[in-house]
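Hello,

Here is the structure for you to look over. My notes follow below it.

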Amino acid sequence: MLLESAMKRLEDAAVLDRPASMLAAAVSAATSPRLVKNALSGSWLGHRLHPALVPAPMGFWAGATVFDGIGTAPARFAADVLVGAGIVTALPAAAAGLSDWSDTEPEARRVGLVHATVNTTALACYAASLVARVLGRRKPGVALSLVGAGAASLGGYLGGHLSYVLAVGVERRGFLGAGPKEWTPVLAADELAERQPRLVRAGDAEVVLYRDGGQLHALAARCNHEGGPLHEGTFHDGCVTCPWHGSTFRLRDGAVVRAPAAASQPVYETRLANGKLEVRAR
């Protein structure tokens, strides 16, 4: 298919890597405070914030198009208000999207750069449209809104590709394996050294074991954000930090301490039986 081929070429467009890296570095610096990163990533919500915010500007702008088409005096007023509402709500949606995008892999980062550029174009068109409307230049204002609607539609297509093809923002808990529901031996007890993570397999799932002060912890071994290897991460102060994008989880319950992960990491119950360490899914 033509569109599928075009998206594949975009994914492979290494020429975008330099500007994407520069922008990602700037976004990462701006969102480095934990409170900022957690707020924009949606860890307080339990899933990504960006997709929850996107419908607002898209809905407002779609409504503006309808009222512009009606053309009566009340409809024109409603269209102007909706254009402004779309602009206001697009700003936090863009901030959340940029935060998510800054922690993506190369293919998604390239597509995401174009997605952000197109959406910024849409926002600029609607902002110019609002200015024209306020100045009484209605026809140019409506025309700019239509251009903005076209750009927003293209941005939506690219956003769908990011989500449904490249799985950006998709928490990977469903791909980590459910793990055994019954107690399953995974390692001899004397093979797990203090504060030395150990990767084991329990049923269909990879599990990282960690002993700290006699307390045994077991978590899904792959970060639910982008699949980073938690057993290669940093363990400190009762938490583990993913080596790929810095998602930090509490060992005892898998709760997110620091984004970009938005959902808790799956954890396993543990016990010592007959000299073996056993785990089972909670």
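Which loop does Asn274 lie in? Asn274 lies in the loop that joins β9 (268–273) and β10 (276–281). Please keep in mind throughout that this is a predicted model.

Asn274 has a positive phi of about 55° although it is not a glycine. Most residues other than glycine have a negative phi. Asn274 is exposed, because its relative accessible area is 80% and the cut-off for exposed is over 50%.

Ala167 likewise has a positive phi, here of about 60°, and is not a glycine. Ala167 is placed in the loop between α8 and β1 (184–188). With 21% relative accessibility, Ala167 counts as partly exposed, since buried would need a value under 20%.

Helix α1

Helix α1 covers residues 2–11, and its buried residues are Met7, Leu10 and Glu11. Viewed down the axis of α1, these buried residues fall within an arc of 100°, so they line one face of the helix. The face turned away from that buried side carries the exposed residues Leu2 and Arg9. As for partners, the buried residues of α1 pack against α7 (106–134) and α8 (138–164).

Helix α5 and its two partners

Helix α5 (residues 55–70) packs with α8 at an angle of about 140°, and the two axes are 10 Å apart. That angle makes α5 oblique to α8, because only angles over 145 degrees count as roughly antiparallel. The crossing of α5 past α8 is left-handed. On the α5 side the contact is made by Met58, Thr65 and Asp68, and on the α8 side by Arg138, Val142, Ser145, Leu146 and Ala152. By class, the residues of this contact of α5 with α8 divide into 4 nonpolar, 2 polar and 2 charged.

The other partner is α6. The axes of α5 and α6 come within 8 Å and cross at roughly 160°. That makes α5 roughly antiparallel to α6. Here too α5 passes in a left-handed crossing. The residues of α5 that take part are Ala56, Pro57, Phe60, Trp61, Gly63, Ala64, Phe67, Asp68 and Ile70. They meet Ala75, Ala78, Ala79, Leu82, Val83, Ala85, Gly86, Ile87, Thr89 and Ala90 in α6. The contact of α5 with α6 has 15 nonpolar, 3 polar and 1 charged residues. Asp68 of α5 is listed both in the contact with α8 and in the contact with α6.

Helix α3 against α6

Helix α3 (residues 34–41) and helix α6 (residues 73–101) have axes that come within 8 Å and cross at roughly 105°. α3 and α6 are therefore roughly perpendicular to each other. From α3, the residues Lys37, Leu40 and Ser41 meet Ala95, Ala96, Ser99 and Asp100 of α6. This contact of α3 with α6 divides into 3 nonpolar, 2 polar and 2 charged residues.

Lys37 deserves a separate entry. Lys37 sits in helix α3 and counts as buried, at 3% relative accessibility. Leaving aside neighbours within four places in sequence, Lys37 is in contact with Thr31, Ser99, Ser102, Asp103, Arg258, Ala259 and Pro260.

Two further buried residues

Ala122 is found in helix α7. Ala122 is buried, with a relative accessible area of 1%. Not counting residues up to four places away in sequence, Ala122 touches Gly148, Ala151 and Ala152. Ala152 is also one of the α8 residues in the contact with α5.

Leu219 is in strand β4 (residues 215–220). Leu219 counts as buried at 1% relative accessibility. Apart from neighbours within four places in sequence, Leu219 is in contact with Glu206, Val207, Val208, Val240, Arg250, Leu251, Gly254, Gln265, Pro266, Val267 and Tyr268. Leu219 and Pro243 are 24 residues apart in sequence and 15 Å apart in space, C-alpha to C-alpha.

Regards

How values were computed. Residues are numbered from 1 along each chain as its sequence is written. This is a predicted model: local features need pLDDT of at least 70, side-chain atom pairs count only at pLDDT 80 or more; totals for chains, interfaces and linings use all residues. Side-chain values use heavy atoms; hydrogens and water are left out. Buried means under 20% relative accessible area, exposed over 50%, partly exposed in between (1.4 Å probe, protein chains only). Helices (H or I, at least four residues) and strands (E, at least two) are DSSP runs, numbered from the N terminus. The arc is that of the directions from the helix axis to the C-beta atoms. Contact means heavy atoms within 4.5 Å. Axes are lines fitted to C-alpha atoms, for helices over the stretch in contact, and angles run from 0 to 180 degrees between N-to-C directions. Angles under 35 degrees count as roughly parallel, over 145 as roughly antiparallel, 65 to 115 as roughly perpendicular and the rest as oblique. A crossing is left-handed if the near helix is turned anticlockwise from the far one by less than a right angle, and right-handed if clockwise. Ala, Val, Leu, Ile, Met, Phe, Trp, Tyr, Cys and Pro count as nonpolar, Asp, Glu, Lys and Arg as charged, and the others, Gly among them, as polar.
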